[in-house]
Amino acid sequence: MQKYLFRLFVLVFFSSSIGETFAQNPAPGSGFGVETNIITGKIIRHTRKFTAPIPPISTALDVNFVWQTYGKKDWEQRRNFPVVGLGITCTDYGNNAIFGNCIGVYPNLQIPLMQRNNMEWTLRIGDGLAYVTRKYQTTAPVDTINDAIGSHLNDFAVFMTDLRYHLNDHWQLQFGLSFTHISNADYHQPNLGINLGGVHAGVRFSPVTNRPKKIIKELPKLKNRWLVEMRAGVAYNEARATGDPVVPSYIFSGYASKRWLSKNKFIIGVDYGYHTDVYAFLKRWNVEHGHEMGHAWDGAFFAGNEFLIGRVGILTSVGVYYHQTYLKFDPFYEKFGCNYYIVKTERGPVKELFLSAMLLTHEITAQYGEFGIGAGF
């Protein structure tokens, strides 16, 4: 696969070079660019349960279509003019017979951490979907060694940090560290996931300019208001019962939020979840007979922060259980995800209405992916 990655890198590089000759008007397309990175790394064995052999090296090609914000919207200035992008990553884990190849597509955000003259230090975070060509299965094509991935479709999370050098208004060079994670949120077993850590180097080309003139204006100061918020969601897991059915869990959250610095929300509240996969397991194996429902729910106290970007909020939180299901996990959990705000206003009885997508993990091993709807009052 390495030769195909190299060919794709060359194709993107020269296509960008050709595009430079047609960029005559500096206004349309300002801030748009195409970035390519070649990644070299290795699979990280993050748990003893990961018994598949780890290849000596893994490689990937990342192509990211980016837009440098310049203050057209208020949140761009509040966030110090980040770069938004849509990335495509092709990964060869180094052993096609076991792990196959992975193609991931993910929206992303690049945040400037430090800038000085032509040098820049940035952080990129992204999350999307990935298709993996090989997974654990007992039917042809048999692959029972791959105990990490149980489905072709997976969540795809990306973290990258770069040192960047601006050659001019069209070209940037960058190198840095990268980390990717794929898993299916326990929708199908097994689901240990694959973590890949590595280094990367690449180039970004902007046909018009990668330094559009910034719009600086006096922004309205938003009140650091408190809201009472509720969220209801559903998740699906494979039950360890007859036929391994995929069944729902129902998650409800109540919490208070306080906006700060006009661009973040501190949150603190309570989670409750009822898990029919645990109920099915207890019924199948006749465990806690007559009391299955009482051992199929969990509850927790949590606190976190929501990073607001226009109508999108990137949320991270940590929770501690006050009650767990019969299938106990660690006493703590982490939640990562985003909210998309359908309604976001400063006045009225309903100040926020949003759709949400969350991933709950225990020490970076996913338990479920939750999709829901919520409101703030």
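**A walk around the barrel**

Start by selecting Phe336: its bridge partner in E15 is Leu359. You are looking at a predicted model, where local features need pLDDT of at least 70, side-chain atom pairs count only at pLDDT 80 or more, and totals for chains, interfaces and linings use all residues. Residues are numbered from 1 along each chain as its sequence is written, and side-chain values use heavy atoms, leaving out hydrogens and water.

Now colour strands E14 (residues 332–344) and E15 (residues 352–362), which pair in the antiparallel sense over ten bridges. Two strands pair if DSSP finds at least two bridges between them; helices (H or I, at least four residues) and strands (E, at least two) are DSSP runs, numbered from the N terminus.

Zoom out to see the closed barrel of eight strands, E9-E10-E11-E12-E13-E14-E15-E16, with antiparallel pairing. On average, its neighbouring strands are turned by 25 degrees against each other, direction ignored.

Next, two residues in loops. Select Phe81, between helix H2 (74–78) and strand E3 (83–92), then Ser262, between E10 and E11. Most residues other than glycine have a negative phi. Yet phi is positive at Phe81, about 55 degrees, and at Ser262, about 65 degrees. Is Phe81 buried or exposed? Phe81 counts as buried because its relative accessibility is 8% (buried means under 20% relative accessible area, exposed over 50%, partly exposed in between, with a 1.4 Å probe and protein chains only).

Finish at Pro141, in the loop between strands E5 (119–132) and E6 (153–166). The peptide bond from Ala140 to Pro141 is cis, with omega near -5 degrees.

Definitions and conventions
Axes are lines fitted to C-alpha atoms, for helices over the stretch in contact, and angles run from 0 to 180 degrees between N-to-C directions.
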